[in-house]
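Let's work through a few exercises on how two protein chains meet. Have the structure open and try each task before reading its solution.

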Amino acid sequence: MKNLFGITTALALTAAGAAADTKIGMITTLSGGGAGLGIDVRDGFMLAIAQSGRDDIEVVIEDDQRKPDIAVQLSDKMIQSEKVDIMTGIIWSNLAMAVVPSAVNQDVFYLSPNAGPSALAGAGCHENYFNVAWQNDNLHEAAGAYANGAGYSNSFILAPNYPAGKDALTGYKRFFEGELAGELYTELGQTDYAAEIAQIRASGADSVFFFLPGGMGISFLKQYSDSGVDLPVVGPAFSFDQGILQAVGAAALGVVNTSQWSKDIENATNAAFVESFQTEYGRLPSLYASQGFDTANLILSALNIANPDDADTFREALRAANFDSTRGDFMFGPNHHPVQTIYAREVVQEGEIFTNKILGTALENHADAYAGDCKM
Amino acid sequence: MSAILVIEQILNGLQFGIMLFLMAAGLTLIFGVMGLINLAHGSLYMVGAFAAASVAGATGSFLLALVAAFTVAAFAGAIVEIVVIRRLYRAAHLDQVLATFALILIFSEGTRWVFGSFPLFLDVPSYLSGPVTLPGGIEYPLYRLTLIGVGLLVALGLWWLTARTRIGIQIRAGENDREMIAALGVDISKLYTLVFALGAALAGLAGALVGAIQSVQVGMGEPVLILAFVVIVIGGIGSIKGALIGAILVGLTDTLGGIFLPEFLKLFMESGAATQTGSALASMAVYILMSVVLIWRPTGLFGARP
Amino acid sequence: MIREGYINAIVLFGFLLIPICALIIEEPYTITLATRAAVLALAAVGLNIALGIGGLVSLGHAVFFGLGGYAMGILAFHAQNYIPVELGPLTINGTKSMPIIWLTAVLVSAFAALIIGLLSLRTTGVYFIMITLAFGQMFFFFSISWSAYGGEDGLSIYVRNVFPGVNTLVPIQFFGLCFTALCVALFVQSRLRASIFGLVLNSARQTPVRAETVGLNPMRLKLLAFVISGAITGLAGALFADLNRFVSPTMFSWQLSGELIVLIIIGGVGRLAGPVIGSALFVTLEHFLGEFTDFWHIWLGLILLLIVLFARGGIIGILTGKDGPHV
């Protein structure tokens with residue numbers, strides 16, 4: 001962490017110096033509009049490294065500004081100059097697609113703390129690529145499964161017109177068994193949803209599924225709650241994470257969203273994580289922070305067994321996933337993507353703070369749809 | 001598709017247009033009077049929204065928040081004009097583009113430094129929230145109707161200011177001949193600071209009003225900025241009337257295009273492909289509109305002919 | 001004060017020297033940075049022809065940069081998947097050969113520049129800035145929703161394309177290619193400026209009415225300048241895509257068009273070496289300020305402001321003590 005004047009604070013590098021045996025390169029988004037997610041991943045990750053007490057790990061952190069070309073350039077730097085053993089940190093699918101294939105082909109391990117594009121889960125899977133978060137479709141599939149369970153039979157679904165948006169609607173439709181009252185692609189970065197809400201009102205739907213990450217979701221929820229349309233809404237956790245819920249406010253209350261993590265998952269690791277994160281950074285952790293934390297702990301568990309130089313043993317250790325995850329049990333499928341339980345959460349208010357509470361399980365031990373295409 | 005839905009969508013387009021006008025009015029005023037391309041206008045919009053969110057958070061009053069947005073943005077605008085913009089009136093357009101591009105960087109990262117990376121909370125006040133029923137049985141959010149009202153009031157106010165007041169006369173004279181009115185004893189640099197602050201205040205007000213139903217976050221100004229430029233270019237730079245008409249045109253094209261293009265394409269194509277192609281075309285629609293207008297009338301609908 | 005010719009020579013020599021030093025002390029990443037600077041400089045040299053010689057402030061040059069990038073991306077994508085490109089009755093095989101890709105990039109962007117130029121040159125001043133911006137936005141939104149080639153995710157090309165006799169995977173060799181392209185473009189620009197074409201354009205920029213009165217048709221010359229300019233920026237796009245082994249819609253974004261203008265102004269508008277100095281400085285700032293603070297955009301903004309306010313004519317303007325041409 002660096003402040004405006006570049007005075008490096010204590011957390012910047014846990015164990016800089018020549019003594020480091022393992023070098024981890026983190027490329028993530030720390031400036032501009034999407035910086036909140038990258039900061040959460042970084043803070044979660046660095047918390048786990050600090051708690052491990054190991055001084056033989058050096059983490060090099062770089063800001064990709066959410067630009068694919070910068071991310072590629074930083075990845076070249078990590079591999080060519082820093083000679084890192086392990087890379088991690090990328091938030092966005094399009095940046096991951098730009099960086100991961102060439103990085104893993106240069107014998108670096110890549111552990112994704114957030115993005116899980118389908119291309120890297122199916123035919124494009126790689127033995128050095130591990131996804132610790134989810135495959136992109138997972139949370140949307142769980143939303144579809146939840147909608148069945150809730151008895152919805154006629155959904156109106158919408159997402160931005162870009163690949164992740166199309167994956168989202170495909171994921172929902174893969175599990176949702178009812179009819180579709182309407183299907184809409186909005187403009188990426190759109191801020192006004194009056195027209196879409198009017199269509200929802202006129203469509204005769206009994207439920208709404210939306211995937212509008214970040215600011216788009218904030219705008220949609222505020223405008224939706226003000227419109228007088230009172231159909232139930234389901235969405236993936238990306239529009240309901242701890243970082244943006246305060247900005248949505250009461251408009252999000254009662255909305256159901258799907259997530260592989262929640263701060264009230266009951267296990268000792270999670271309780272300790274939530275508490276120590278709050279003590280360290282003065283805010284509640286988000287799912288992104290939990291993913292960063294889990295990623296670091298997975299790496300630490302594998303480092304206890306082998307060094308990355310011993311690639312085969314290290315890979316096996318990663319694959320075994322012998323670490324205490326904030327999600328409870330954690331295991332990888334054959335394509336190195338998680339097989340995990342996805343919960344339905346409800347937005348609630350706790351004192352002044354808006355947060356999520358688990359309602360129930362949406363999908364138990366869920367694997368992704370692309371594992372079959374992966375030949376590893 | 002029922003008639004009620006079509007009417008409601010037209011209303012939505014109109015409302016979106018008015019929102020754009022709030023942003024474009026200040027931009028076109030500044031350009032018309034001072035000949036300045038102000039890319040940082042979107043940043044002043046953001047400043048307004050952040051000021052409003054902070055004040056609303058501290059006091060709970062939406063009206064106070066609007067006042068704060070207006071004043072803080074005006075103040076920021078005045079400072080920017082005195083420190084930077086003043087030196088650029090005689091410079092080429094290119095230098096203005098670069099300087100105000102630099103201001104965007106400073107404002108955006110500065111705001112992130114002060115307020116952090118997470119979006120802020122700003123909500124519609126309870127007395128303006130919820131829908132009302134219009135004649136014909138259309139349910140429409142009260143706040144959006146209020147936005148239309150405020151936008152039209154601002155248009156009227158600007159018209160009154162430029163056409164009926166002494167300052168307005170000076171502004172119009174300044175547009176035509178800067179040296180002449182300076183020679184007649186008008187303090188031109190004070191006038192310019194005033195106009196720039198007014199334009200900034202309008203942007204700040206727009207940011208606060210729109211921020212209440214959107215997301216108050218760093219970078220919120222840039223997408224609107226581009227659309228606002230589209231608006232003033234279609235309307236003819238410097239013309240308030242042009243900005244209003246251009247804004248409504250853009251608002252209608254964007255809203256109705258997003259709905260009817262996919263429906264229209266479904267007549268020839270399979271439904272999924274039609275939705276995707278339609279949305280793609282819809283996102284390009286306002287830019288296509290703008291280039292068609294410019295090819296047809298190279299200085300916009302109401303711009304001065306060369 | 002220093003003569004501009006000396007500056008040009010020093011700048012190019014320095015540009016060549018840095019990566020060579022980096023090679024000797026084994027800092028391959030510095031070579032990558034230098035390559036990035038060279039490619040951005042090439043794109044800006046393209047824009048500088050429209051801007052500095054033709055007086056055409058285009059805020060849509062990302063169109064050509066992106067088209068060049070996608071020419072590379074699409075051809076290489078089809079080559080790596082062994083699927084031919086179907087263009088109606090025409091079937092073209094993908095290719096990994098840089099010369100063919102470059103030619104395609106240049107032709108496609110020149111054609112786009114011709115069409116956009118024909119339509120945009122009816123307008124002048126701010127309207128020209130804005131109409132070029134509008135074309136940029138059209139391409140940007142189209143590429144985002146064009147799912148066949150990845151949409152917003154973009155296209156990854158796993159291995160850099162090939163050039164006969166050069167191992168493009170070695171950073172210094174790829175730098176050599178990009179640097180050569182940059183030098184060729186600079187040579188073209190200097191010949192253009194000195195030619196009758198350049199002189200006429202210059203007069204049309206400074207005193208349009210007089211130029212028309214004496215019977216010149218600046219319109220066609222401006223169009224030609226715009227096409228050449230677009231073609232060079234397109235070539236830079238193809239190289240940029242190859243540098244990153246990746247193309248995405250951000251290559252079409254208006255911010256990129258803005259950045260190209262920034263590069264030119266930093267260095268000096270209309271100056272031969274302007275874009276080269278500008279992009280070298282920009283890439284250096286981007287790299288070192290990022291190390292220094294998370295909020296490096298503030299400092300970048302302040303530096304840009306200082307340059308506009310106190311260094312009219314850019315860095316070259318300071319060094320030579322002369323303002324550049326006014327646009």
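**Exercise 1. Find how many salt bridges link chain A and chain C, and check one of them against the cut-off.**

Solution. Keep in mind that this is a predicted model.
- Step 1: the count between chain A and chain C comes to three salt bridges.
- Step 2: take the pair A:Lys67 and C:Glu259, whose closest N and O atoms lie 3.4 Å apart.
- Step 3: a salt bridge needs a Lys or Arg side-chain nitrogen within 4 Å of a carboxyl oxygen of Asp or Glu, so this pair passes.

**Exercise 2. Work out which parts of chain A supply the side that touches chain C.**

Solution. 
- Step 1: strand E2 (57–63) and the helices H2 (68–82), H3 (93–105) and H6 (163–175) of chain A each bring in at least two residues.
- Step 2: H2(A) gives the largest share, with ten residues.
- Step 3: sort that side of chain A by class, and you get twelve nonpolar, eleven polar and ten charged residues.

**Exercise 3. Describe the contact between chain A and chain C in numbers.**

Solution. 
- Step 1: count the residues taking part, which gives 33 from chain A and 36 from chain C.
- Step 2: look at the area buried between the two chains, about 3100 Å², with 52% of it from carbon and sulfur atoms.

**Exercise 4. Say what confidence values the predictor reports for the complex and for chain C.**

Solution. 
- Step 1: the complex gets an ipTM of 0.85 and a pTM of 0.86.
- Step 2: chain C has a mean pLDDT of 87, and 97% of its residues reach 70 or more.

Notes: Residues numbered from 1 in each chain as written. Chains lettered and ligands numbered in written order. Predicted model: local features only at pLDDT ≥ 70, side-chain atom pairs only at ≥ 80, totals over all residues. Heavy atoms only, no water. pLDDT = per-residue confidence, 0-100. Contact = heavy atoms within 4.5 Å. Buried area = accessible area lost by both parts, 1.4 Å probe. Helix = DSSP H or I, 4+ residues; strand = E, 2+ residues; numbered from the N terminus. Nonpolar A, V, L, I, M, F, W, Y, C, P; charged D, E, K, R; others polar.
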